[in-house]
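This briefing looks at one structure chain by chain, and then at the places where its chains meet. Please keep the structure in view while reading.

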Amino acid sequence: MTRKPTLVQEDGRQPHREGTQGMTRDVLLTIEGISKSYPGVKANDDVSFSIGEGEIHALLGENGAGKSTLVKMIYGLVKPDEGRMTFRREDYAPTEPREARSLGVAMVFQHFSLFDALNVAENVALGMDNPPPMRELASRIREVSEGYGLPLDPSRLVGDLSAGERQRVEIVRCLLQDPKLLIMDEPTSVLTPQEVKILFDTLRQLAAEGTSILYISHKLEEIKALCDEATILRRGRVVGICTPREKSAREMAEMMVGATLNAPERAAAEPGPVALKAERLSVASPSAFGTSLKDVSFEVRQGEVLGIGGVAGNGQDELLLALSGEIRTPSGTVQLHGSGIGHLGPNERRKAGICTAPEERLGHAAAPDMSLMENALLSASVRKGLTKNGFIDWPGTRNFAEGVVKTFDVRTPGIGTAARALSGGNLQKFVLGREIMQEPEVIVVNQPTWGVDAAAAAFIRQALLNRASAGAAVVVISQDIDEIMEIADRFAALNEGRLSAPVPTQGLTIDQIGLMLGGAHGMHEAEVHQNAHP
Amino acid sequence: MDLYGITPSVLIASLMVASVPIMLAAIGELVVEKAGVLNLGVEGMMIMGAICGFATAVETGSPFLGFLGGAIGAAVLSVIFVLLTQVFLANQVATGLALTLFGLGLSSLIGQGYVGIKPPSTGAVPFGPLADIPFLGRVLFSHDWMVYGSIAIVACVWSVLKYSRAGLILRAVGESHDAAHALGYKVVRIRIAAILFGGAMAGLGGAYVSLVRVPQWTDGITAGAGWIALAIVVFASWKPWRVLIGAYLFGGITVLQLNLQAAGARIPVEYLSMSPYLITILVLVIMSSGRGRAALNAPASLGQNFHASH
Amino acid sequence: MLILEKRPTPSKLWAWGTPFLAVILTMIAGGLMFALLGKDPVAAIRTIFWDPLFDPNLAAYSRPQLLVKAAPLILIAIGLSLGFRAGIWNIGAEGQYIMGAVFGAAVGLAFYPADLWIIFPLMVIAGAVGGCLWAMIPAILKTRFNTNEILVSLLLVYVAENILASMSLGLLRNPEGGGFPGSRNFNSYPAAANHELIAGTGMHWGVVAAFIAVIAAYILLQRHILGFQIKLAGQAPRAARFAGVRPNKLVVLCMGMSGALAGLAGLFEVAGPAGQISIDFNVGYGFTAIIVAFLGRLNPIGILLAGLLMALTYIGGELAQFGLGLPSAAIQAFQGMLLFFLLAVDLLSNYRIRLMLFLKEAR
């Protein structure tokens, strides 16, 4: 289904749109016919829309729809191939971020714009073109951050901050420059529900003060709650412009995805005996700014899906490493069918029946420059018997890799293709397929659908549920609460390396989950301790 | 208190001289590494600095021009490193090694006509009566201007890195080139500047070896000083003032073992001359086993090439 | 304007093509360098690359030398390539080469003047052990204390050189040598000598060992899980740990193998072509082997060819030194240049270069 985009008015001088409260807005930014191509892909194709002053405008689209490319052009990091932009009615073609910033365009990035080993004030200074002296900057950071309900200590190292606090650094960095347009790229993916509320209050306050906000997301409920208008992108094209409050989430989802998606199904089954058990598992983080696990305990039964939620950086990676065997612990802290396996390495654990899939697809779950065939060997050599006396059975490996590609619908020219040439969704299907086709008794996955398009995500979730139906114990570590609610039987929250006691997902409200996840860091601590760790 | 006739004031004074080449090379490499680049070609750049400096000084008769020539010669060699790693995105470890191998060959090629010549001497800074103060005069006020210059350079690098915006940007680029790029900083340009500075410093250090320390030209004259400079950057955990300490420590060991050799100590010469290398290894082990703290100072993108894909 | 564009999959064609391109570019740049030195560039290049093999007067001497010089380079480079592939940078092969020679020679000399068949095999073992032990120092410091192996292995070269000097002046000095430094000559001690196996070919036990190493490394990398793990650890260290590779084990293994091979090379050299332990019997093979390893693209077959080519530049360089008065340092610079060009053109296998003729205005 394709829908013609509702075109913006040609003349930017006219009142842009009747707001929901009946007020008129002047146009701040217009984008007209912007196109950008990269080899093999047209990231943006004739994109047009406009943003009014004080408007919160959503840019909605799936992963790979071209949202990031578009905002990079607005921020001056990428030059468009075609089309023009105007900012405050003047031609706007920034050649570098400095130029965009000087005109009043600021951006809060999803990743990659903070420096762990530098402190908050230094990080803020780096994002400003003419920062005041450090001491003055520090006091302004305190002032602004508290004024908007986002308290920050300027002297702390950014690497020691929680994900939510790191985002505050970015927001405060932008606010110090009095932006006219604030771009926010997927800002809530690292926040707890309570922190999201605080962020939304801040954004509404900013909009009321006249700052326009371009809000990029694929989360429909948030956009309905926050945004005045939404531009929906699919495969680089604008497929619709609408007022989110007037549309249902389902309507917007269909525009965004282009097809109706089925919720995953599974046959109801009684959970069997306990398969995997962690008992007072404590792990020191291997990285300088990681989170150590503290006394993590849980059980997963055969045929059951345990969802472990948590905001990024609360020990998810460490938990996966401890379960996969990349970090070894005392034998009894990890148990499979009652026998201790904490002391075993990854391949011994695979032999015993545990397969895992780490979050980072390229570089951890798969070697970027190796072919899919070699990547199949990477984790499947033990369970699939792909080596004999240490010599590799390449024909057998080829068969296995081809089986994974076929069964899991991995779109690739062939199994000789390097892993990094695959799209995120396809590579994730390959990685999950590689683990699932080893028919493990326990499978642990971290962020199985992160950065994956909706169709692939649905496929992956279904595959995990099928594995559970076949009698395996499944552990899904995810930052996407909706995902956990969709597929997990029970839910537990990781917060600063501690795991809450698992509770059934049925009947759990978003507020309860939020409190289990740790609430808003540094704001509701008392509440959190009362509720999450009784 | 003389051991084998070695006087403390002379010992300290000569260790200050002995430490100059490594101090210069190490402070240059520190800046390079702070920008996230690992240039293992310090030895090659030093020896190019040594021969270029020597040749220039001999041809012009001016030690000052000699040092300038040394710095330029080594910086020119580092341009090759810039081209390969920043433009052609070659592996930094391999390129650094190539730089050293090439530098050793090229320097001995250039140096063919200069074997056995004495360079113009670099005189001491005239401090007048200060130099006559007992002990302190000999230790502090009897040196050539490069000794003071090298300390001033360390101080400069320290203050720039710590207090200036340029220093902050340099550290940011070394910490995460992706983040720096996203904020609009020119990662490659900043790194190129750092590499050229590192080259010039290594060249100055090399020139000091051939013009003051030895002073003459022989093949392989730097004898691993570049590698020790690299080790001193690790020893210093990427902190400028600790480079000074590391260089003095190493200079002290070198001078001591040379004095012991000259004094005819009973330890065989070969074991004395290997001692600086052994102690450097020992220091490296101690510094790296401490983990945690020191690891935090290491720039996070050290040795990784940057290519802006989108 | 040139635009770099990463290839989705490295180009196989360029992977094989780049070494040849690099050699050609080096010949051109080297020719320029020779011209600057006042030599006829064409004659110089011909003397280096053609005469040793095909000049009727010289080939009889030069051709056997090819194997003699290539064997240590190949042996060392094969070992280094395994480590380089795994991201373990042993650049102190020169030191391991020296220590292998010292250990092996010491064992041989200890038996002097016995005439037992076992002496030479024992020397071979001692050579491998010596090199291996010397490489274990950086390996163990790396695994135990996380010390940088590049710096330690390199610094140990200087230590090894001093040990060599001490040995040739002291412990291993020829008691009948009239006080001159250097050990007894193995060529006059048949039971301990590394003989030429087929007269007039330069074929000695070191050459045999080099060929075996090439074949073994080829099988290891293509067919064995250990070779796969080595490649994996170098390309994606985190993925390697996920695949169950223990990084420390790999460090010890790769350093040990490369040290042992370098030690073997040293022993074969000292017991054959060099003939004796002396202060400067080593001529930098350990460093040149780094170039050989890269020129061969860390591939065993490639290393075999690269080793032969590098040996050719050594022999040709000597000829050019005598015939044209080309300084030996020029050859060293020439070899360094080769590595530069190789690293530069390597870009072609991972990136596509596009020429942008029209740069559209970003409007």
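Two residues are in contact if their C-beta atoms, placed from the backbone, lie within 7 Å. With that cut-off, the contact between chain B and chain C takes 40 residues from chain B and 38 residues from chain C. The model is predicted, and every value below is computed from it.

**Where chain B touches chain C**

- Helix 3 (63–87), helix 4 (92–110), helix 10 (225–235) and helix 12 (269–289) of chain B are the elements that each give two or more residues to the side that touches chain C.
- Helix 4 of chain B gives the most to this side, with 12 residues.
- Sorted by class, the side of chain B that touches chain C holds 26 nonpolar, 12 polar and 2 charged residues.

**Where chain A touches chain C**

- The contact between chain A and chain C takes 31 residues from chain A and 21 residues from chain C.
- At least two residues each come from helix 10 (346–352), helix 11 (372–380) and strand 18 (391–392) of chain A, and helix 11 of chain A gives the most, with 3 residues.
- The side of chain A that touches chain C divides into 16 nonpolar, 10 polar and 5 charged residues.

**Chain B as a whole**

- Chain B has 13 helices and 0 strands, and 54% of its 310 residues count as buried.
- A compact globule with 310 residues would have a radius of gyration near 19 Å, and the 20 Å of chain B agrees with this.
- Along the principal axes, the C-alpha atoms of chain B fill a box of roughly 65 × 45 × 40 Å.
- Among the contacts in chain B between residues at least 6 apart in sequence, 79% join residues at least 24 apart.

**Chain A as a whole**

- Chain A has 17 helices and 23 strands; its radius of gyration is 24 Å, close to the 24 Å that the globule rule gives for 534 residues, so chain A is as compact as a globular protein of that length.
- The C-alpha atoms of chain A fill a box of roughly 75 × 50 × 40 Å along the principal axes, and buried residues make up 52% of its 534 residues.
- Of the contacts in chain A with a separation of 6 or more, 69% are between residues 24 or more positions apart.

**An open sheet in chain A**

- In chain A, 6 strands form an open sheet with mixed pairing, in the order 6-7-8-3-9-10.
- Strand 6 (105–108) and strand 10 (237–242) of chain A stand at the edges with a single partner strand each, so one side of each is left without a neighbour in the sheet.
- Neighbouring strands of this sheet are turned by 20° against each other on average, with direction ignored.
- Strand 6 and strand 7 of chain A pair in the parallel sense over 4 bridges, and Val108(A) has Met184(A) in strand 7 as its bridge partner.
- Helix 1 (residues 67–74) of chain A packs on the sheet, and its direction makes about 150° with that of strand 7 of chain A.
- Helix 5 of chain A lies across strand 6 and strand 7 of chain A, running at about 175° to strand 6.

**Helix 6 of chain A**

- Helix 6 (residues 193–208) of chain A has 16 residues and reaches 23 Å from its first C-alpha to its last, close to the 22 Å expected.
- The buried residues of helix 6 of chain A include Val196(A), Leu199(A) and Leu203(A), and among the elements that cover its buried residues are helix 5 (163–175) and strand 7 (181–185) of chain A.
- Just after helix 6 of chain A, Gly210(A) takes a positive phi of about 105°.

Conventions
Residues numbered from 1 in each chain as written. Chains lettered and ligands numbered in written order. Predicted model: local features only at pLDDT ≥ 70, side-chain atom pairs only at ≥ 80, totals over all residues. Nonpolar A, V, L, I, M, F, W, Y, C, P; charged D, E, K, R; others polar. Rg over C-alpha atoms; globule rule 2.2 N^0.38 Å. Buried ≥ 20, exposed ≤ 12 C-beta atoms within 10 Å, placed from the backbone. Expected span 1.5 Å × (residues − 1). Pairing = 2+ DSSP bridges. Axes fitted to C-alpha atoms, helices over the stretch in contact; angles between N-to-C directions.
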